[in-house]
Amino acid sequence: MRHQMPSETMKKKGGHMKINQHTIVAGMVSLIFAASCNPTKYLAEDEKLYNKGHVVIHQDSIPEDRKEAFEAHLEDMLRPKPNKKILGIRYKLGLYNMGGGPDSTNSFIKRWLKKQGEEPVLLSDVNREYNETLLRSRMENLGFFNAYVTSDTTIDGKFAEVTYDAFPGSIYRIAKINFEVDSAKQLGRDILSTKEHTLLKPKSPYNLDVILNERDRIDNDLKNKGYYYFSPDNILLEVDSSKGSNEVDMYVTVKPETPEKARQPQKIGNVYIYPNYEQTSAGLQLARPRRAELFDNRYYIIDPENTYRKKVLANHIFFNTGQTYNRWDHNLTISHLVNLNAFKFVKNTFVDSPDSANTLDVYYHLTPMERKSIRFEVLGKTAAVYNGTEANVNWTLRNAFKGFETLSLTVFGGYETQTGGSVNLNSSYIRYGAEVGVVWPRLLSPYKWAPAQRYIPKTYAKVGYEFLNRRNAYTLNSLSINYGYNWKENEQKQHDLAVAEIIYVQPRNISDEYRAQMDTVPTLRHIVDPQFSFGPNYSYTFTNSMESSRKHTFYAKAGLNTSGNVLGLIQGANYDEGPKEIFGTPYAQFVKAEADFRHYMKLTPNSQLASRIMVGMSHSYGNSRSLPYLKQFFTGGPNGLRAYRARAVGPGSAYPENLGENNFFADQTGDFKLELNTEYRAQIAGMLHWAAFIDAGNIWLQREDENKPGGKLSKDFYKELAVGTGLGLRLDLDFLIIRTDFAIPVRVPYRDPGDRWVFKYIDFRDRQWRRENFVFNLAIGYPF
C-alpha cells in the first residue's frame, strides 16, 4: 500500500517548496471546509437555506422508543432532502460554492467542482402541503384513519427549518377476516387452502404493507399450484370500518375481471434448451426448432457441437413434461443455471403450447461466458516496519471437461522487506508458487447422497506449491493437496468436508546465523521443523446475519481437523521412543477443534453491538508433542487483539523474546486459544462510521516448555488474558469497507501477576510510551 507519492520540488523566490500528496489533500479539505463554513454565500436576500424537516408525533399512548422510531421513519419520507452533511459540514454544497455557485463561467475546474457538488436546497423548494399529505397518507396506511398533520416554519437568519406536527389519533385493528371465494371452483378451493397461513391476524393493527404482503403470499401459493398467469392484482382486499370501536372487518375476494386463463392451473409442455445462444437483434427464438433431438424423453437440447454433456445439463433442469407448473421449480432451475458459473445471461420464457390448452412450452436461452479468462492482481502490503508487494496471475478454464467444471491455475510471487528499525534475520523474504484447482458442480462420491436441491453442491481438488526464501535465515518448500466437498443445506447452513488434506513442509538452507539464534531462542526451531500432516477435516457454518429485520442475529462456525490418527494407531507411534516417519519426515498426529461464535444486536437503525468468542483446542499425542507450526493458534493483529501485533501474545504468561533492536520476532503460537471481542459500531454521517472496542484473549501450550515458562494451559488461564481497547473509523463504500483502528493494551499477561493492569502507566504525552504501546491497524472489512 503506497502511503506517499514521490514529492515534487518547485522553485519559488530562490528557495524550494516540497509538495506531496498529503499537502494537496490537506489543502483540498481546508478549501472545502472553508467553503462549507459559509453555505449561504450565494443566496439572494430573500432566500433561506433549508436546514431540516422535523416530525413531532402527538400521541401519548405510543411508547417513547417506538415514537422516536416512528418519527424517524416519517422524517425519512419528507421531500426535498437537505444538503448532505458529514460531521455537520455541507461538503457537497461547499464544492458547489467553490465552483462559483450560480456563476455561469466556462472554467473547466469550476464546472467540474459544481458537477461534484450540489445546489443549495432552499426553503422555497419545500412544499409543506405535499409533505403534510404524504405523512397523513402514511399514517392512514398504518391504521391511523383519523390522522392529520400541521406544519410551521422556523427561520434563523439565512437558515430555515420546518416542523410537522402529526396527530395520528387512535389506531384501527382487524376484527375479522373473511375469505369470500367460490369454493365450487378449483381456484376458490386453492385460495381457501392457504387461509391458515394468512398474515392478517385478528386484533393486529391495520397495515397496508401487511395487506400488500398478503396478496403476494396468496399469489405465491397459487403459483406453486400451477396458476402461472395469476397475479397479486387479481386479489381484492376490502375494508369495512363502519362497525365502530376502532375496528375493521376485512374481505378477501378475487376480482370479477380476472381473466379466465389466470383462473386455470397450467401444465408444462415441451422444454427447449439453447446452451449456446448468442443474442441478436432478431430476438429470442420461440418456435419449435427443426431436427431437435429429445434427450432422455424429457428435454430438447439444441447443442449440435456437443459443447456440454447433456446428462449434466439436464440435472439442473427441474421441469418435466406433463407436470403442473410451480414457482419453486421455476426459480430453482434459474438459480442452478446462473450458479453453474458458465453462462453470462440466462433467459427463461413460457409460451402457450399450440397442442393443448392450459399448457406451457418452456424455452431456456443460455449465453455462455468466455471459456477462458485471465486476471492479474498487484497488491501492496504494509505492517509496522515491513512493506512489500505481491502479484497474482489467475487463469480460468470454464466447462473444462464438458460438465461445467472450472479449472484454474494461479501463479503468485511476492517480496517483503524491512524499511524501519534494525535489520536482522527477519528483514526480508521472497515467496512464489502456484496452485492448480478443479471444481465440479456436483458430488463425486462412490456413495449416493444428495443435499438440498436448492443449492449446487461442489467437489473440489487443489494442489499447491510454495517456495519461501527468508534470505538471511532459511528457505521453506511447501506442498499442499486438498480434496473435498462443500454444500449448503439451506440459506443459513453450510458444510465443508475435506476428505483429504495433506500439507508437507521441508526446510532447506538454514543459515549459520539462524542456527546461532536458535541456540539463543530455542522457539525459533519450531518454524523450521519439517512438517507433514494428513487427514480429513470438517467445518459447519450457521448464520442468519443476512436477515436485516432481526434485532439479534448470529454467526457460528465450528470445525474439526485431524492428522495421522489411524496410521499412528496402526504403527503404535510414540514420540518418546522416536517419531515414526513417512518419506523421511515425521508426521503429525493430533485432533484439533475450533469454534467462532458471533452475536450482532441492532441498537438503532444506525448502530449495533457486535460481539465474538473464539475457542480453539487441540490434543497432540502419539507421534507429536504439539501441533505443527502451520496448524498452531495465534492471536493479535488487525482481526484479533488489535492492541498487539499479530503473533505477539502468549503463550500464557510467557515473556516475549526479542531479536534485534525495535524488532519483535513474531513467533508466539500455541495449542489452545481463547479470544473475546465486543465492539460498538455507529454511523457518524453518510458513509463515515466509528467504533469503540475491547478485545481480550491469549494462547496456551498443551505441555510444559522450558523455553516458554508459564505457557502451559492451567486452571488459572483466565488470569493470563491480554486485554486491549481502542477506537476506530470506517469508510463504508457499500462494496468495500476501509477500516482503521487505534488501540492500546490495558492488561499485559507477561507482567507480574499483581501488575498486569497497566492503566496507571498510560501517558499519551510520553513519546516513548506511544511508540511502545500505541498500535495502528489499517484493514479491509470488519474484524468480525
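This is a predicted model: local features need pLDDT of at least 70, side-chain atom pairs count only at pLDDT 80 or more; totals for chains, interfaces and linings use all residues.
Reader: OK, how many helices and strands does the chain have?
Author: Twelve helices and 31 strands. Both are DSSP runs numbered from the N terminus: helices are H or I with at least four residues, strands are E with at least two.

Reader: And what box do the C-alpha atoms fill?
Author: Roughly 90 × 80 × 60 Å, taken along the principal axes.

Reader: How much of the chain is buried?
Author: Of its 784 residues, 42% count as buried. Buried is under 20% relative accessible area, exposed is over 50%, and partly exposed is in between, with a 1.4 Å probe and protein chains only.

Reader: What share of the contacts comes from residues 24 or more positions apart?
Author: Counting contacts with a separation of 6 or more, such pairs account for 63%. A contact means heavy atoms within 4.5 Å.

Reader: Switching topic: where are the cis peptide bonds?
Author: One joins Arg79 and Pro80, with omega about 0°. Pro80 sits in the loop between helix 2 (64-75) and helix 3 (91-98). Another joins Gly650 and Pro651, with omega about -5°, and Pro651 is in the loop between strand 26 (607-620) and strand 27 (672-685).

Reader: Which residues have a positive phi without being glycine?
Author: Asn246 is one of them, at about 55°, and Asn358 is near 50°. As background, most residues other than glycine have a negative phi, and most peptide bonds are trans.

Reader: Where do those two Asn residues lie?
Author: In loops: Asn246 is between strand 7 (235-240) and strand 8 (247-254), while Asn358 is between strand 12 (343-352) and strand 13 (359-368).

Reader: How accessible are they?
Author: Asn246 has 29% relative accessibility, so it counts as partly exposed. Asn358 is partly exposed too, with a relative accessible area of 33%.

Reader: Which strands pair with strand 29?
Author: Strand 28 (residues 688-700) pairs with strand 29 (residues 722-732) in the antiparallel sense over ten bridges. Strand 30 (residues 737-747) also runs antiparallel to strand 29, joined by ten bridges. Strands pair if DSSP finds at least two bridges between them.

Reader: Which residues are bridge partners there?
Author: Ile694 has Thr725 of strand 29 as its partner, and Leu727 has Phe742 of strand 30. In the hairpin of strand 29 and strand 30, four residues lie between the strands, and Asp734 takes a positive phi near 70°.

Reader: Last topic: which residues touch the most others in the largest nonpolar core?
Author: Val271, Ile273, Phe319, Tyr364 and Phe404, out of 23 residues. A nonpolar core is a set of buried Ala, Val, Leu, Ile, Met, Phe, Trp, Tyr and Cys residues joined through side-chain atoms within 4.5 Å.

Reader: Which element gives the largest share of this core?
Author: Strand 13, with four residues.

Reader: What does Ile273 contact?
Author: Leaving aside neighbours within four places in sequence, its contacts include Tyr299, Leu313, Tyr364 and Leu366.

Reader: What's in the second core?
Author: That separate core has 21 residues, among them Leu200, Tyr227, Phe230 and Val254.

Definitions and conventions:
Residues are numbered from 1 along each chain as its sequence is written. Side-chain values use heavy atoms; hydrogens and water are left out.
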